[in-house]
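This briefing sets out the structural features of one protein chain, grouped by topic. Please consult the sequence and the structure shown here alongside the text.

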Amino acid sequence: MEITRVNQEISGEVREILQKAKDYTRQSKAANTTRSYRADWADFTAWCQERSLSALPADPETVALYLADLADHRRTSTLQRRLAAISQAHQAAGYDSPTTGYVVRTVWAGIRRAKGTYQEGKDPILVEDLRQMVCQLPDTLTGRRDRALLLVGFAGGFRRSELVSINREDLQSVPRGLVIHLRRSKTDQEGRGEKVGIPRGSRPETCPVRALEDWLSESGITEGPVFRPINRHGQVRARRLSDRSVALIVKKAVEAIGLDPNRFSGHSLRSGIATSAAMAGKDERAIMKQTRHKSTNMVRRYIRDGELFNENAASDIGL
């Protein structure tokens, strides 16, 4: 009887540890990445089911056919993510990934060559745009929140998820501006943390530090999330904004100054600081330091876009 009880206790402990392991496994990737992979895997399994093909494990030929079928109506970036999802699902189930097979690599190379790998992203918000956007915001509690969000998001080169994750406790005032302790980000999944400096602006109406201080003072926020929803009665809610709300705030602000909201997203703040800094002559190292990009590829694309008219051979030649 006692042995049975001990076995049951051990079994219960093991089950608890297994559950913890599953929880940590789910946290190994960002929530957005997990959702995308889940949707991509569901698409692949549905495609296989319709054709009576095995999705797990899948043959390399099946994956190659799937890519070929989707190539005419999906972007190469989407196909690349689908391949990653298929690979992850197989590895998690203990199978070799079929995506490394010769037939898959050959078809994938042909698709990229035929369609190209250029990805047209959303437009960056430049300094001139941002000035107009914040100046047209109403002098209300919502307007003050949006002004702080836009200016801090731009100056800090924050991703949407980073921006809404900021807590009051993460802010530190210093003589030259504000230090924001970013506790976790897309490129810091282990939570080591980073400090982001937000310098004071030269213009009162577009100073990100002054805008944030104004919002915190008017909202009465002394702890917890900095950027929060405001209900129709003008009351600040206790929870934080969603990352999707950032995109909606950006779109609404650009539309108010006559720009096409479909050309912009929450990422336009982050790409905007990189492009604007390049236009102002900032070097690659300084831009990467502020935006916390780990790879130079995307930053160099922003720099190329920002320098299109710097020392342009067609300028000032009499045209």
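**The sheet and its surroundings**

β2 and β3 run antiparallel and are joined by 6 bridges; helices (H or I, at least four residues) and strands (E, at least two) are DSSP runs, numbered from the N terminus. The model is a predicted one, in which local features need pLDDT of at least 70, side-chain atom pairs count only at pLDDT 80 or more, and totals for chains, interfaces and linings use all residues. Residues are numbered from 1 along each chain as its sequence is written, and side-chain values use heavy atoms, with hydrogens and water left out.

**Strand pairing**

- The open sheet has 3 strands in the order β1-β2-β3, with antiparallel pairing; two strands pair if DSSP finds at least two bridges between them.
- Strands of a sheet pair through backbone hydrogen bonds, either parallel or antiparallel.
- β1 (171-174) and β3 are the edge strands, each pairing on one side only.
- From one strand to the next, the twist averages 25°; axes are lines fitted to C-alpha atoms, for helices over the stretch in contact, and angles run from 0 to 180 degrees between N-to-C directions.
- β1 and β2 run antiparallel and are joined by 4 bridges, and a hairpin connects β1 to β2 through 2 residues.
- S173 has L178 in β2 as its bridge partner, while I180 has V196 in β3 as its bridge partner.
- β2 is largely enclosed by the rest of the structure, because 5 of its 6 residues are buried; buried means under 20% relative accessible area, exposed over 50%, and partly exposed in between (1.4 Å probe, protein chains only).
- α9 lies across β1, β2 and β3 and runs at about 100° to β3.

**Nonpolar cores**

- The largest nonpolar core has 41 residues, and L150, F158, L212, W215 and F227 have the most contacts inside it. Such a core is a set of buried Ala, Val, Leu, Ile, Met, Phe, Trp, Tyr and Cys residues joined through side-chain atoms within 4.5 Å.
- At least two residues of this core come from each of α6 (127-135), α7 (141-155), α8 (160-165), β2 (177-182), β3 (194-199), α9 (208-219), α10 (243-256) and α11 (267-279).
- α7 supplies the largest share of this core, with 7 residues.
- Another core, of 17 residues, lies apart from it and has W47, A58, W108 and I111 among its members.
- F227 is in contact (heavy atoms within 4.5 Å) with R145, A148, L149, L163, L212, W215, R239, R240 and L241, leaving aside its neighbours within four places in sequence.
- S276 is found in helix α11 and counts as buried, at 9% relative accessibility.
- Not counting residues up to four places away in sequence, S276 touches I125, L126, V127 and F154.

**Aromatic pairs**

- The structure has 3 aromatic pairs. Rings of Phe, Tyr and Trp (its six-membered ring) pair if their centres lie within 6.5 Å; planes under 30 degrees apart count as stacked, over 60 as edge-to-face and the rest as tilted.
- W41 and F44 form a tilted pair, at 5.6 Å centre to centre with 40° between the planes.
- Both W41 and F44 lie in helix α2, 3 residues apart, about one turn of the helix.
- F44 and Y66 form an edge-to-face pair, at 5.0 Å centre to centre with 75° between the planes.
- F44 lies in helix α2 and Y66 in helix α3, so this pair ties together parts that are 22 residues apart in sequence.
- F44 is buried, with a relative accessible area of 0%, and Y66 counts as buried at 0% relative accessibility.
- W41, F44, W47 and Y66 are linked into a cluster by ring pairs.

**The loop between α2 and α3**

- P57 lies in the loop between α2 (31-50) and α3 (60-70), and a cis peptide bond with omega of about 0° joins L56 and P57.
- S52 lies in the loop between α2 and α3 and has a positive phi of about 55°, although it is not a glycine.
- At 70% relative accessibility, S52 counts as exposed.

**Cysteines**

- A search of the whole structure finds 0 disulfides, a disulfide being a pair of cysteine sulfur atoms within 2.5 Å.
- C135 counts as exposed, at 53% relative accessibility, whereas C207 is buried, with a relative accessible area of 5%.
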